[in-house]
Every structure is written in structure tokens, then in C-alpha cells.
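Good morning, and thank you for making the time.

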Amino acid sequence: METEVKTTCPYCGVGCGVIAKVGDDGRVSVKGDPDHPSNFGRLCSKGSALAETIDLDGRVLHPEIAGQMASWDEALDLVAEKFADAIEKYGPDAVAFYVSGQLLTEDYYVANKLMKGFIGSGNIDTNSRLCMSSSVAGHRRAFGSDTVPGTYEDLELADLVVLAGANLAWCHPVLYQRIAAAKAARPGMKIVVIDPRRTMTCDIADLHLAIRPDGDVALFMGLFEHLIASNTIDQNYIAEHTGGFAEAFAAASALSFNQVLELTGLPAMQLREFYRLFATTEKVVTCYSQGVNQSSSGTDKVNAIINCHLATGRIGRSGMGPFSLTGQPNAMGGREVGGLANMLAAHMAIESAGDRDRVQRFWQSPRIAAEPGLKAVDMFRAVADGRIKALWIMATNPVVSMPDADAVEAAIKACPFVVVSDVLRETDTTRHAHVLLPSLGWGEKDGTVTNSERRISRQRPFFDAPGRARADWWQMAEVAKRMGFPGFDYLSPADIFAEHAALSAFENGGNRDFDIGAYETTATAEYGALQPFQWPQPAGATPKLTRFFADGGFYHPDRKARFVAIEPPAGNRTDSRFPLTLNTGRIRDHWHTMTRTGKSPRLSGHIAEPFAEIHPRDAIEIGVAEASLVEIESPHGKVIVRALVTERQARGSLFVPMHWNDQFAAAARIDAVVAPVTDPLSGQPASKNVAVRAGRFRAS
Ligand code: SF4
């Protein structure tokens, strides 16, 4: 009998609703869910190829210890014993979890509860650190909480959409389709793209600002100054709802227009046109993604953008505001449950004694992490220098995706005890596991994810678990029980979701914005039927979205937002030895390290091999022709990829996609080249501005 299941796409942060149909013959087909408010039936190339990526080829179907088949009891006993041993001998900070924006919220919740509440360390971090942690830090500075005020509808209602460091056409394709459709219906709507590369997103742009790497802070400081000089600021809003304006103004005034030109590398006419558009358009949304976040000045970039929206009062109203987009399907869900080393559950603050006490009492846990744990780059440094004795990696492939990837691989290899939970048996990371645990994949998992506009949707199973694969939350709960911890007797993800919702509302969640208390009594049947909804959703409230900051109130103690005084970074990292700037990112049809999309011939057909985009004049200078092999090198590593000579790329820079690994192409793991430089506040790596050199590859 045919079955149809409503679920959610497991790729990007747009979070599209998918209808999966399983035919009598067991074959699966997918289509967009017309009722899902994120995509209204649309799917992009990746989403529509989902059915091609869910076979059992390459799956790990039973636990393994040292590469040998083991029972669940044997594997879980060993994990519990090794973690308990390390904690007893070296303390709770000698163990760590490195998790993923691919995990469901329920998995994330249990991982965070186990590490922060029962093991008593903050050492749980996530590959979402590489995705949006600068936005989290920027929101907390400006708003007093990590609150994303935007919705997708705002992008359609805006008269000016500014896309900063966000190639939506390839990275958030359905959102791009929604904006393109809105612009087609309303030709007066303007779109400005800020990106060093001329990406596909520029196809709908009225203005493309091909900015220098890391010129964004100067660009928005210049805009801030222009808004003041042109008297387009909202004096009443600033006086009533914000603090720190004078300091931010003083910092911006110290930067001359000529310095802005120099730091951004933009022509004066373009800069003036952008400033004019922003100043004269009331409904402006500034949307930003990895080009802003993945920077050593990522947090300052976020605050430079927010400063401009606060100065004009363009926030908290329909069709306007700053809007950070998440890269992964559940980066936002991880934020909700404290899945970052510097956050606590339910958006509470780990630095707050009151919040720590509240969460500990709710969990009835014996201890609570007293301070933030190690962020991703620092975590793998601690693995390398022997401080971490036991590491559990879930649903991610850091040997490919972390900066300085070769050093990360060496660290994992040398770690005394490594557990990896994954769906695949052979990844660059699983090969170093002492214990490999078989997890559920898309179509088998059961839980929730939250997209960029804070919309919680269900991922529902339509297949039985293959072999002995089990949910990630179950694996962690079983280890917790074996370590002697109470509070992990969950029978289903519905139990976990209800507990998570109850914590969000417990003692008013510490007066923070994330409250889905309406769902704290969610039973299994209701959970099964859960419809997509946006938070907050407090108990007793009618089910409608509350627009954040509509009343001008924020989450700092005085309820005012903060301007942040910023200094522009130098930007340029190149020197005579490494004269080119490497920028890494996604392509349209692959996802992360290609463990899923690499299975689809259709998706692989779009771009079949790794490449480096290079400007024609740079290509001549370094002696590479179109389609020849180019060697790219930094002090950290080297890759060899195909040259793609194009004027889309600015002079002095290269773009290489992040997806390929040794499994798909030799010597193409670009993160081996990326330096482990991070933003000082967010800890997010700077993957868009790496000094490298390049030359024609010569086989020796
Ligand atoms: Fe999936 Fe993102 Fe494509 Fe939507 S836009 S179908 S969530 S990859």
C-alpha cells in the first residue's frame, strides 16, 4: 500500500516541507509540501533529488568496536566506561562532544543535557560554530539575547532587500525563488548583493557591490555615518529603545569616506547609490549568511548591520530588519537547546548564575557546567594537545570540514578514545573511530528541526530503522543511564520534545524570548501530528506569531537594544609569499562533504569535480589555462583542483567549493588549506579570507 508522509528537507536552513511517497514496490518519490509555510510546494535541485540519496549503500548497520561487529550492549558499555574513566582521572573537561546542525532538536537536547547537566562540562560544540555563531554573538550584544527577528515573508514585503555575503541562489535556493517571485510581481522592489564574487544571486540584483574580503564592517560603518549625516535616523527610536549610540557614532565618524572606499574597494558611485537606496527606503531587510559570519570580524559585521537598522528604527516591523540565515537544517534548533559551548538550554546564558541554577533545578542534575566550554577550533586543539581524552563525534565529518583539516585529522587519530555516530561506515572521520555507532538517516529519523525563521517542523520516518541503527538521542540516553545518571528514561522523541518545551517555559525561561510552553504536554499522538509553527508559542497564547521587538523592547536588563562601537579590521591577509585570497563556499547541488548528495548522479552532473574560480588576469600571471590543474597552498596544506577562469571572480582572489574530500577526488580537501583563524568573540573560523598562493600543477 502506498504511504505519504509529511516531513522536512534535511539540507539547508530554509527548512522546506517535503511530501515523501513510498510506493507498493518500496520506491520513494518526493515533492514539495504545498501547505508548508516555508516553501509552499517548492523544492530546489537538492530537495527534489532526495529520493536518489537514501539507499543503504555504504551504511553502517551495526555497532563496531575497533572495526569489528559488536552488540549495542558491548558498544554502549564501553563508551560509558571510557567516558567515566576519563572524567574520574582527569575531570569533566577531559571529555567532549562534537555534534552537528544535522542532528534533530531532540538529539541535541539530550547531548546538551548529558554534557552540561550531568557530566558537568561545557565541552559540547557543533559544526554550526562554522555556520552562524557570529550571528549568535552579534544578536546577544545588540539585543541581549540570540533572537532572530526576521521572517521569510519580510523578504517578500520589503522594498529593498540587501543580501550581504549570502549566495541565496545556490545556498538557500527556495528562499531565492521566493524573493525572485516577489520582485517579478513588484518591479519597484530593489535588491542589492554584497559579495566579492559575481554569484548567480546577482541575476536578480539591481546593484552588485563586489566588496573586498572583510570590507563589510567599513561598508556598514560608512552607511551608519551616512544615515546620520543625511538625517535619516529615527531620533525618537534611538532615545527610547537603544543605548550606546554616541559611542557607535564616534567610532563611525572616525572613518572617512575615502577610508571606506579603500577598505571596501568599491567605486564611489556604487557606494553612494547603495547608501542612497538604504537611506530613502523605509522597508529594508538586510539578510546575511556565511560571507558575514565566517570571518575574524564576523561578530562586528553583524553588529555593524544591526546598528544601521537600530539607527533608523527599521526593526520589529513587517518588511524590515536584520535577518541572519542559518546554513544547516537544524542550526537554529541547536541554538534553542544550548548546543553551543557558550550557551545553556532554552536560550539561557551559561554565564548567568540564575540561569544555571534554573536549568539545574529543572533537570534535577547533580551539577551544571560552571563556564563555557571549548568552541570547535579550540576543542580540536585540546584534542591535539592531549587535554581531551575521550571525544564523541555525532553526524558530522570534521576531518573534511574543520579548518586546518590535516591537523584535525592527526588530533582525532591520536585521541585515546573516539566514538563516532554516523549513518555511513566509511567517512574520513569514521575511519578513526574506536567505537562506531550506527545512526538513523533521513527518512528513518523522528523528531523536529527549526529553520532560519524560527519555524519548528517535524522530520518524520517513512522507513523502518535499517539493521541495528538507532536514534542519536537513544544512544546518548543509554550511555547516560550506564554512567548512572537519572533523567534519561525517554521512550520516544515526543517525551524529549515535551521536556524541552517545558524547560523553555520553566520560571518563564529566565525571561527570555524562547518559549514554546504551549507544547509542554505534547503527547505522542499530538507530536505525530505536529504542524509547522514559529516560536515563541507560550502556553495559553493564541497560536499566532508574536513579532519580536514590535514594542521596542529588547532583552538587556533595561529592555533597550545596544549600538556597538566598532573598528574596521585591516581585511587583507595576503603577503608576498601568499599573495592571493581564498574564499570557500557551497555549490548549488552538493551538500557539505557530499556523503549524501555524492550518491546522486543527477546532482553530481551539475559540477562534476572540484575547481578553483580564478580571474583571467590572475590565471595568466600564474600560468594556468582554463581546465588545467592548479595547485593551491597555504602554510597549512595544499589542494590540486581544476582551474575555472572567469571574470565572476575578483582579481587577486580564488573561490574553491568546500565539498570534495579524498573519497571523491584526491587532494581536493580545501579545508586542509584554511587557516584556523577565528572571530575572537564567536570562535567562528574565517573561511572566506585565507592567504594562499597558487600555481600550475606539475606532476613530479
Ligand atoms: Fe532543501 Fe534548502 Fe532546497 Fe529547501 S531550499 S529543498 S530546505 S536544500
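Let me begin with a definition: a residue is buried if 20 or more other C-beta atoms lie within 10 Å of its own, exposed if 12 or fewer, and partly exposed in between, with C-beta atoms placed from the backbone. By that criterion Cys131 is buried, because 22 other C-beta atoms lie within 10 Å.

Two remarks on the source. This is a predicted model, in which local features need pLDDT of at least 70 and side-chain atom pairs count only at pLDDT 80 or more, while totals for chains, interfaces and linings use all residues. Residues are numbered from 1 along each chain as its sequence is written.

Now the overall build. The protein chain holds 24 helices and 26 strands; helices (H or I, at least four residues) and strands (E, at least two) are DSSP runs, numbered from the N terminus. The radius of gyration of the protein chain, taken over C-alpha atoms, is 24 Å, close to the 27 Å from the globule rule for 700 residues, so the chain is as compact as a globular protein of that length. That rule is 2.2 Å times the number of residues to the power 0.38. Along the principal axes, the C-alpha atoms fill a box of roughly 70 × 70 × 55 Å. Of the 700 residues, 61% count as buried. Two residues are in contact if their C-beta atoms, placed from the backbone, lie within 7 Å. Among contacts with a separation of 6 or more, 74% come from residues 24 or more positions apart.

Next, the domains, whose bounds come from an automatic or database domain assignment. The assignment gives domain 1 (3-53), domain 2 (64-128 + 336-489), domain 3 (133-325) and domain 4 (580-696). The centres of domain 1 and domain 2, taken over C-alpha atoms, are separated by 28 Å. Their contact takes 14 residues from domain 1 and 12 residues from domain 2. On the domain 1 side, the elements giving two or more residues are β1 (3-8) and β2 (17-22), and β1 gives the most, with 5 residues. That side divides into 6 nonpolar, 7 polar and 1 charged. Here Ala, Val, Leu, Ile, Met, Phe, Trp, Tyr, Cys and Pro count as nonpolar, Asp, Glu, Lys and Arg as charged, and the others, Gly among them, as polar.

Which residues are the closest to the ligand? They are Cys9, Tyr11, Cys16, Cys44 and Gly47, out of 14 residues that surround the ligand; a residue is near a molecule if its C-beta atom, placed from the backbone, lies within 6 Å of it. The elements that give two or more residues to this shell are α1 (45-48) and α7 (173-185). Domain 1 and domain 3 each supply at least three residues of the shell. Its residues divide into 9 nonpolar, 4 polar and 1 charged.

Turning to the strands, two count as paired if DSSP finds at least two bridges between them. An open sheet of 7 strands runs in the order β5-β4-β16-β15-β14-β6-β7, with mixed pairing. β5 (68-69) and β7 (124-126) stand at the edges with a single partner strand each, so one side of each is left without a neighbour in the sheet. Within this sheet, β6 (residues 95-99) and β14 (residues 390-394) pair in the parallel sense over 4 bridges, and Tyr98 stands opposite Ile393. Elsewhere, β12 (residues 284-288) pairs with β13 in the parallel sense, again over 4 bridges, with Cys287 opposite Phe323. In β13 (residues 321-324), Gly321 and Phe323 point one way and Pro322 and Ser324 the other, and all are buried.

Back to Cys131, which lies in the loop between β7 and α4 (133-143). Leaving aside residues up to four places away in sequence, Cys131 touches Gly101, Gln290, Asn293, Thr326, Gly327, Gln328 and Ala331.

Finally, the backbone. Most residues other than glycine have a negative phi, and most peptide bonds are trans. Gln364, in the loop between α16 (353-363) and α17 (376-384), has a positive phi near 50°. Gln364 counts as exposed, because it has 9 C-beta neighbours inside 10 Å. Arg559 has a positive phi of about 65° and lies in the loop between β19 and β20. The loop between β19 (533-534) and β20 (561-562) also holds Pro536, and a cis peptide bond with omega of about 5° joins Trp535 and Pro536.
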